[in-house]
Amino acid sequence: MPRTTTRRTRPLRLASAGLAAAAAVSLTAFSGSAAQASTAKDATALAGTPACSVKNMSLKVESIREPINTYRLSLTNHSKKTCVAYKYPQLRFGSAKSPAKVVTSTKPSSAVKVKPGHSAYAAIHTSGDGNHGFQTKKLKVTLPGAPAGASSAGVALPGGPVYIDDTVANSYWVTDPRIVYNW
């Protein structure tokens, strides 16, 4: 049975947006020269590390009780090599013409490396006070930077059809599975 949105969603969403903005400011409050050094360091650390692809990964969507209408997407590395989960998953629900929006305030300070047996996570918010809603059982996940033919896969949504509206959004990849509680 799909979860429904109530009027209490707007204050919660506004509060969580404020917390996310505060977290983003605190994470990115460093000088330009430090940012350039971090970028150069990341490029050196990522050299030779392949992008994560759907060939050696599993994707799973889990329903989260709170906040309402929020899910966690897990990308688990089943290969014997570390890979990089670049940026954020590109999510397309059902027959939607465009992918979900990405919450830029969730951008981590560096690219996310996924060691063998470990996972990366992204939060998904499916609906709120938006318009143009529909229900779907289908989700297509595309991994940026993955080789052609191994960049996207369909993922089952838990509990049957999920209600999606035009507020649908997702976070960047992170290594902490608790992202959905802080987003």
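**Exercises on a predicted chain**

Leaving aside residues up to four places away in sequence, Asn77 touches Asn56, Met57, Thr82, Cys83, Val114, Lys115, Pro116, Gly117 and His118. These contacts, like everything below, are computed from a predicted model.

**Exercise 1.** Determine where Asn77 lies, whether Asn77 counts as buried or exposed, and which backbone oxygen lies 2.8 Å from a polar atom of its side chain.

*Solution.* Begin with the secondary structure, in which Asn77 belongs to strand E2, a strand that covers residues 70-77. Next, take the accessibility: the cut-off for buried is under 20% relative accessible area, and Asn77, at 1% relative accessibility, therefore counts as buried. Finally, look at the polar atoms of the side chain, one of which lies 2.8 Å from the backbone oxygen of Val114; Val114 is also among the residues that Asn77 touches.

**Exercise 2.** Explain why strand E7 is described as largely enclosed by the rest of the structure, and identify the strands joined to E7 by bridges.

*Solution.* First count the buried residues: 7 of the 7 residues of E7, which spans residues 119-125, are buried, and the strand is therefore largely enclosed by the rest of the structure. Then separate the two faces, remembering that in a regular strand the side chains alternate between the two faces of the sheet. On one side of E7 are Ser119, Tyr121, Ala123 and His125, on the other Ala120, Ala122 and Ile124, and all of these are buried, so that both faces are covered. Turning to the partners, E2 pairs with E7 in the antiparallel sense over 7 bridges, with Ser74 standing opposite Tyr121. Strand E12, residues 169-170, also runs antiparallel to E7 and is joined to it by 2 bridges, and here Ala169 is the bridge partner of His125.

**Exercise 3.** Locate the 2 salt bridges found in the whole structure, and classify the accessibility of each residue that takes part.

*Solution.* One of the 2 salt bridges brings together the side chains of Glu62 and Arg72, at 3.3 Å from N to O. This pair links distant parts of the chain, since Glu62 is in strand E1 (residues 57-64) and Arg72 is in strand E2, 10 residues apart. Glu62, at 24% relative accessibility, counts as partly exposed, whereas Arg72, with a relative accessible area of 13%, is buried. In the other salt bridge the side chains of Asp176 and Arg178 meet at 3.0 Å, N to O. Here Asp176 is partly exposed at 28% relative accessible area, while Arg178, at 52%, is exposed.

Note on methods. Residues are numbered from 1 along each chain as its sequence is written. This is a predicted model: local features need pLDDT of at least 70, side-chain atom pairs count only at pLDDT 80 or more; totals for chains, interfaces and linings use all residues. Side-chain values use heavy atoms; hydrogens and water are left out. Buried means under 20% relative accessible area, exposed over 50%, partly exposed in between (1.4 Å probe, protein chains only). Helices (H or I, at least four residues) and strands (E, at least two) are DSSP runs, numbered from the N terminus. Two strands pair if DSSP finds at least two bridges between them. A polar contact is a pair of N or O atoms within 3.5 Å; within protein, one must be able to donate a hydrogen and the other to accept it, and residues adjacent in sequence count only if both atoms are side-chain atoms. Contact means heavy atoms within 4.5 Å. A salt bridge is a side-chain nitrogen of Lys or Arg within 4 Å of a carboxyl oxygen of Asp or Glu.
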